[in-house]
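Have the structure open while reading.

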Amino acid sequence: MKRKWSLLASLTALVVFLTGCEPLLVLDPKGPQAARQASDIMLSIGVMAVIVIVVMVILAYVLWKYRASKLPEDYEPPHIEGNIWVEAICVGIPVLIVAFLSFVSVKSNYIVEATPEAYEDQEPLVIYASSSDWKWHFSYPEQGIETVNYLYIPSDRPLEFKLYSFGSITSFWIPQLGGQKYAMADMVTTLHLAADAPGEFIGRNANFSGKGFAENTFNVTAMTQEDFDEWVEEVHETAEPLTEDEFEELLDPGHLGQMTFTGTHLEFSPAPEHNHSSQNETKEDLSGHEQHETHEETNHNNH
Amino acid sequence: MEFFQRFAIPHPSPAIYASMVAIALVSIAIVVGLTYFKKWGYLWREWLTTVDHKKIGIMYLLSAILMLFRGGADAIMMRAQLATPEAKLLDAQHYNEIFTTHGVVMIIFMAMPFIFAFMNLLVPLQIGARDVAFPRLNALSFWLFFFGAMLFNISFVVGGSPDAGWTSYFPLAGNDFSTSVGTNYYMIAIQISGIGSLMTGINMITTILKMRAPGMTLMKMPMFTWSAFIANVIIVFAFPVLTVALLMGTTDRLFGTNFFTTGNGGMDMLWANFFWVWGHPEVYILILPAFGLYSEIISTFSGRNLYGYKSMVASMVLISLLSFLVWTHHFFTMGQGALTNSIFSVTTMAIAVPTGVKIFNWLFTMWKGKIRFTVPMLYSIGFIPLFTIGGVTGVMLAMSAADYQYHNTMFLVAHFHNAIIPGVVFAMLAGLTYYWPKFFGFMLNEKIGKSTFWLLSIGFVLAFFPMYITGLDGQARRIYTYSESTGFGPLNMVSFVGAALMAIGFITIVWNIYYSFKNSPRNIGSDPWDARSLEWATHTPVPVYNFARMPQISSSETFWDSKKKGHQLFKGEYEEIHMPNNSGVPFVMSAIFFVAGFSFVFALWVPAVIALIGIFICMGLRSFEQDHGYHIHVKEIEETEEFLGGAK
């Protein structure tokens with residue numbers, strides 16, 4: 001046992017040494033959603049550490065006290081069936097812990113699935129983030145611009161990412177702003193994020209999507225609203241418009257650098273927003289579906 | 001020539017050519033060896049046609065160890081590639097194939113046969129039966145597993161390995177994105193061995209319900225038998241889902257259906273749901289028998305009865321029910337909304353309660369015991385803290401909002417290895433060491449065994465604990481390389497060192513078997529560990545009929561009662577014993593399954609149809625066969641019992 005403890009101690013030391021220089025990305029949040037998730041993580045690490053320590057202490061005590069080499073030769077262990085009270089405690093305490101963590105978990109679910117709390121009074125910026133093998137296309141419908149593999153966002157403003165994919169399932173993830181969500185071909189998912197201050201972050205596709213998966217990353221720059229507006233203007237002055245043919249070429253499997261266009265691909269290749277199985281649905285179905293979705297969204301915002 | 005081109009590997013590398021040569025050489029060596037030593041007849045009579053649960057168990061065991069090394073070779077290549085930033089050992093395609101086959105081999109072809117090995121070896125002995133309920137079906141189960149495993153394993157030298165991950169998510173696994181035949185191998189090889197698993201499930205449930213010795217009520221069954229029973233109930237409910245999902249995946253790939261495609265009304269999310277409706281219960285199919293083994297071992301080496309037998313059973317029943325209610329936690333990030341995630345978050349965390357009860361029961365079993373630090377006990381002691389860490393990180397992952405940050409990262413990889421290695425692999429090695437003398441007649445060396453334990457434990461901690469940290473630092477899983485600026489380098493190097501230690505540990509197991517075979521004494525008696533349950537009450541090696549007379553059961557520890565409390569285990573005279581005949585049909589039929597599977601992989605319809613007809617002919621033969629088994633006469637039983645050390 002001793003060897004194991006010394007090993008654990010040295011490992012901890014190593015970890016502190018290796019990671020001491022810089023905080024871990026997920027535990028270094030720069031937005032409200034990531035902050036909520038980081039605090040959940042730290043809370044659960046704390047609670048879980050207590051459980052692990054309790055189990056280890058009981059184990060070490062039992063092993064030390066009842067090891068055969070220490071007990072008399074003729075010691076016969078007793079027959080013990082079990083004790084209702086002891087077992088009730090063994091059930092009761094975990095139930096309480098799980099109930100507490102469940103409460104936190106459910107509460108957090110509704111927080112991360114809604115507009116960040118501190119920014120509820122502002123209109124969110126909607127950005128469509130779509131993936132193709134192995135790049136990200138970011139469309140800003142309000143601003144009428146589109147970028148490839150890089151993302152400029154205003155800080156201090158809620159962001160609503162509409163995620164979908166032109167191929168296999170990918171997962172849109174900016175660890176310092178918040179957790180990930182899948183982008184899929186037959187459905188649009190929504191991820192609510194916000195950046196508290198200007199800064200640069202890394203983002204990536206976290207879900208395995210084939211040969212080019214490792215390099216499927218993008219850069220995120222958060223800036224003040226003024227800087228963002230300036231950038232938008234600049235793009236409108238300098239960038240080329242995105243044509244349908246050019247977009248088709250961009251979709252070919254491979255890697256691309258950062259690119260900027262005016263206009264978005266949504267105009268000629270809309271997101272699969274309301275068609276779970278578009279082939280079989282009539283127009284009426286679609287509109288019904290749409291109403292339903294809007295209804296859901298209003299509900300959502302009320303939370 | 002064009003016909004043969006389809007069998008070429010799409011991404012050849014020197015390592016694959018070397019493997020081809022090695023496979024060819026080993027195959028030739030086996031054939032030449034068998035011919036030279038005139039062992040073909042022996043192999044056919046004693047092994048290929050056997051229906052004896054003990055021999056089938058041993059064949060499962062050998063296959064599992066073989067596959068452990070196959071999957072382990074994949075693992076060490078992955079860790080070597082990731083040990084340094086921007087390493088060039090493997091390219092992306094090769095890396096993708098390796099982590100895919102690592103996952104499939106370790107879960108389906110290593111862990112599953114390992115637990116089936118112990119179920120086969122132990123369940124009939126623990127309940128005092130002569131064999132399983134359907135011995136020939138049991139042989140068919142094994143051979144289907146075996147040929148499924150072989151079909152999967154030839155993929156990397158014929159046509160290319162699957163490369164869409166062991167979860168094989170569509171549309172990535174569909175024809176549009178996985179163009180090689182690799183995923184066909186995945187769909188069909190797992191299907192073939194999955195049919196075998198389903199049959200084992202039915203077989204074991206029937207055996208346990210119908211064939212218990214007189215006096216053994218359900219609540220007097222040894223704990224391993226209870227765990228096997230519940231695991232097999234889960235198999236019977238979970239595996240049909242996999243069967244159907246694989247079939248749909250196969251028709252998508254081979255016949256152009258649109259179940260999981262993104263167009264024409266297909267839905268890729270359906271595959272993920274099907275996969276995990278099977279996949280999560282699968283985890284408990286593996287872990288419950290492991291819990292059963294730990295219960296037997298901890299009880300034996302603490303010299304005490306298992307604490308809280310009833311709550312142990314109740315917690316397993318509860319786990320088996322909950323295991324079907326948590327699958328969505330594998331994709332909290334799919335966008336199903338806060339309500340759905342909340343429900344699955346709570347059900348997932350709820351599993352911690354019965355699991356916690358089990359941990360405390362093991363601790364209380366050791367309490368007031370007389371603990372002997374043997375190799376099987378060391379694994380069980382190491383299991384408790386390490387598995388607790390794996391369990392509590394599971395609770396962390398169950399917090400769905402936080403899971404958005406853990407999902408698809410090394411944190412998750414660390415968690416499930418932390419649950420499976422101390423949970424399942426340690427249990428299998430503990431069981432291997434504990435039951436080795438029962439089936440092979442000699443003990444494994446304790447000294448080598450202890451060094452194996454320490455190599456594996458230290459290796460495990462070094463290999464997997466750093467992943468928790470790199471995961472929280474943003475290292476996604478399944479990336480084949482990373483840049484130096486990410487800072488993942490040093491911790492990945494630590495992981496590689498740990499993996500290397502584990503590799504050495506696994507090699508010492510083989511060394512231990514060889515060394516003990518050469519040097520261990522053979523006069524160990526039938527109860528070398530001073531054990532408690534019924535499987536130790538018969539001779540070593542176990543005679544073909546298991547028990548000469550039916551044991552009389554007093555409690556879940558009948559054998560202990562007979563040693564300490566004067567319980568009379570065997571009463572009455574010898575009677576004629578009825579045993580099943582050997583049969584070559586299961587082997588032949590499974591071999592035809594292999595041919596059919598291979599033909600389907602490459603869409604060779606003529607041989608596929610011929611092979612399918614062959615399968616039905618085998619089934620027809622069995623239906624019309626008159627085989628009533630054979631009888632062992634009293635005189636023969638007396639002679640055997642005399643030879644094995646006298647009647648008890």
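## Helix H9 of chain B

In this predicted model, helix H9 of chain B covers residues 268–302.

Is H9(B) largely enclosed or largely open? Of its 35 residues, 32 are buried, so H9(B) is largely enclosed by the rest of the structure. After H9(B) comes Gly303(B), which has a positive phi, near 65°.

## Helices H5 and H15 of chain B

Helix H5 (residues 92–126) and helix H15 (residues 410–440), both of chain B, have axes that come within 11 Å and cross at roughly 35°. The crossing of H5(B) past H15(B) is left-handed. On the H5(B) side, the contact is made by Ala111(B), Phe114(B), Phe118(B) and Leu121(B). On the H15(B) side, Val424(B), Met428(B), Gly431(B), Tyr435(B) and Phe439(B) take part. Sorted by class, this contact has eight nonpolar residues, one polar residue and no charged residues.

The spacing of such residues follows from helix geometry. An α-helix has 3.6 residues a turn, so residues three or four places apart point the same way.

## Where chain B meets chain A

Between the chains, 80 residues of chain B are in contact with 76 residues of chain A. The side of chain B that touches chain A has 44 nonpolar, 28 polar and eight charged residues.

How values were computed:
Residues are numbered from 1 along each chain as its sequence is written. Chains are lettered from A and ligands numbered from 1 in the order in which they are written. This is a predicted model: local features need pLDDT of at least 70, side-chain atom pairs count only at pLDDT 80 or more; totals for chains, interfaces and linings use all residues. Axes are lines fitted to C-alpha atoms, for helices over the stretch in contact, and angles run from 0 to 180 degrees between N-to-C directions. Helices (H or I, at least four residues) and strands (E, at least two) are DSSP runs, numbered from the N terminus. A crossing is left-handed if the near helix is turned anticlockwise from the far one by less than a right angle, and right-handed if clockwise. Two residues are in contact if their C-beta atoms, placed from the backbone, lie within 7 Å. Ala, Val, Leu, Ile, Met, Phe, Trp, Tyr, Cys and Pro count as nonpolar, Asp, Glu, Lys and Arg as charged, and the others, Gly among them, as polar. The expected span of a helix is 1.5 Å times one less than its number of residues. A residue is buried if 20 or more other C-beta atoms lie within 10 Å of its own, exposed if 12 or fewer, and partly exposed in between; C-beta atoms are placed from the backbone.
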